[in-house]
Amino acid sequence: MATTIPERAPGTWYRIQAIERAVAILNAFSAESPELGVTELAERLGLHKSTVHRFLVNLEAGGLVERNARTARYRLGLRIFELGGLVLQQMNLWDEALPFLEGLVRESGETGHLAVLDGGEAIYIEKVEARRALRIPSAMGRGYPAHATSLGKALLAGLPPEALRRLVAERGLAAHTPNTITDLDALETELQRVRDRGYAVDNEEYDDGLRCIGAPIHDHTGQVVAAIGIGGPVTRVTPVRLGPLAELVMAAARGLSRRLGAGRSESLATPALRVHTTPPERPAPGWPAPAPGLRPSPEGA
């Protein structure tokens, strides 16, 4: 008689208990609990002390954990830091951002942009068009005055006060429409509002008839490295829609920031490798040429 193999839940065929336990041990460490003893780990994971000890011995041999000789407790090893650095080195802002940008455009119905800060300008490095008859005029690879755009203000809000004042002293605050902020004190007040609420608005400040919303993107060091947002005609991006659309923009910015390590890698110091913000070596057809002066890793970001 043929043997019947019992059905198993999807995804369980390749699960290996030993690996799952090793991962659970590594995940038990956190900023709040950087060091843990064998007994503490066993209690947290519901495992026998001898089992935890065997795993720790093997993880220590691989450099993934190390034992503090003074306290006899364990902590994550330097190999974890090295592996984290490799992950950051391989990440590319374009690759990571595009799914979030496409999702934002799909949910909002408006055109989406991704920008970095360079010399007081918001350089638009990616654009996803909305499927609308009326679209906003914007060009990838082009720089737009940061003080007059939502993405630019989201980026400026991440600068130290002295860096902002230096930029304004060098470039000034040119008026592009009657709504453009042209006073430093007013700009500083606006940027504090951006920090408080988590997003910036361009209320016809660069182009008459256009309203845009942008939010900052942070990397694993907490620095603002880019901004993501949407824009459209004021007839569609109305005051009534502003709140819901801002929530969508901030959700996309938070998701991309988490993808870049924000809020997850407090142990990674500032000298750690930064996320790449340069186009791929072999651009896909239609990839825009970088704007003149666009640096691989924007100093202002």
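**Buried positions and helix packing in a predicted model**

User: Is Ser-150 buried or exposed?
Analyst: In this predicted model, Ser-150 has a relative accessible area of 3%. The cut-off for a buried residue is under 20%, and because 3% falls under that limit, Ser-150 counts as buried.

User: In which helix is the place of Ser-150, and which residues does Ser-150 touch, leaving aside those up to four places away in sequence?
Analyst: Ser-150 belongs to the helix that covers residues 150-156, namely H6. When residues up to four places away in sequence are not counted, the residues that Ser-150 touches are Ala-200, Val-201, Asp-202, Cys-212, Ile-213 and Gly-214.

User: How are H1 and H3 oriented to each other?
Analyst: Helix H1, residues 17-28, packs against helix H3, residues 49-61, with the two axes 10 Å apart and at an angle of about 80°. On the H1 side the contact is made by Ala-18, Arg-21, Ala-22, Ile-25 and Leu-26, while H3 brings Thr-51, Val-52, Phe-55, Leu-56 and Leu-59. By class, these are eight nonpolar, one polar and one charged residues. Angles of 65 to 115 degrees count as roughly perpendicular, and therefore H1 and H3 are described as roughly perpendicular.

User: What does H9 reach from its first C-alpha to its last?
Analyst: Helix H9 runs over residues 239-259 and so has 21 residues, for which 30 Å is expected at 1.5 Å a residue.

User: Which elements are included in what covers the buried residues of H9?
Analyst: The buried residues of H9 include Leu-242, Leu-245, Ala-246, Val-249 and Ser-257. An α-helix has 3.6 residues a turn, so residues three or four places apart point the same way. The cover over the buried residues of H9 includes helices H5 and H8 together with strands S4, S7, S8 and S9.

User: How many Å apart in space are Gly-222 and Ser-257, C-alpha to C-alpha?
Analyst: Gly-222 is placed in the loop between S8 and S9 and is partly exposed, with a relative accessible area of 45%, whereas Ser-257 is one of the buried residues of H9. Although 35 residues separate Gly-222 from Ser-257 in sequence, their C-alpha atoms are apart in space by 9.0 Å.

User: What percentage of the residues in the chain is buried?
Analyst: The chain has nine helices and nine strands, and its accessible surface comes to about 16400 Å². Of its 301 residues, the share that is buried is 46%.

Definitions and conventions:
Residues numbered from 1 in each chain as written. Predicted model: local features only at pLDDT ≥ 70, side-chain atom pairs only at ≥ 80, totals over all residues. Heavy atoms only, no water. Helix = DSSP H or I, 4+ residues; strand = E, 2+ residues; numbered from the N terminus. Buried < 20%, exposed > 50% of the residue type's maximum accessible area, 1.4 Å probe, protein only. Contact = heavy atoms within 4.5 Å. Areas by Shrake-Rupley, 256 points an atom, 1.4 Å probe, with all protein chains shown as cover. Axes fitted to C-alpha atoms, helices over the stretch in contact; angles between N-to-C directions. Parallel < 35°, antiparallel > 145°, perpendicular 65-115°, else oblique. Nonpolar A, V, L, I, M, F, W, Y, C, P; charged D, E, K, R; others polar.
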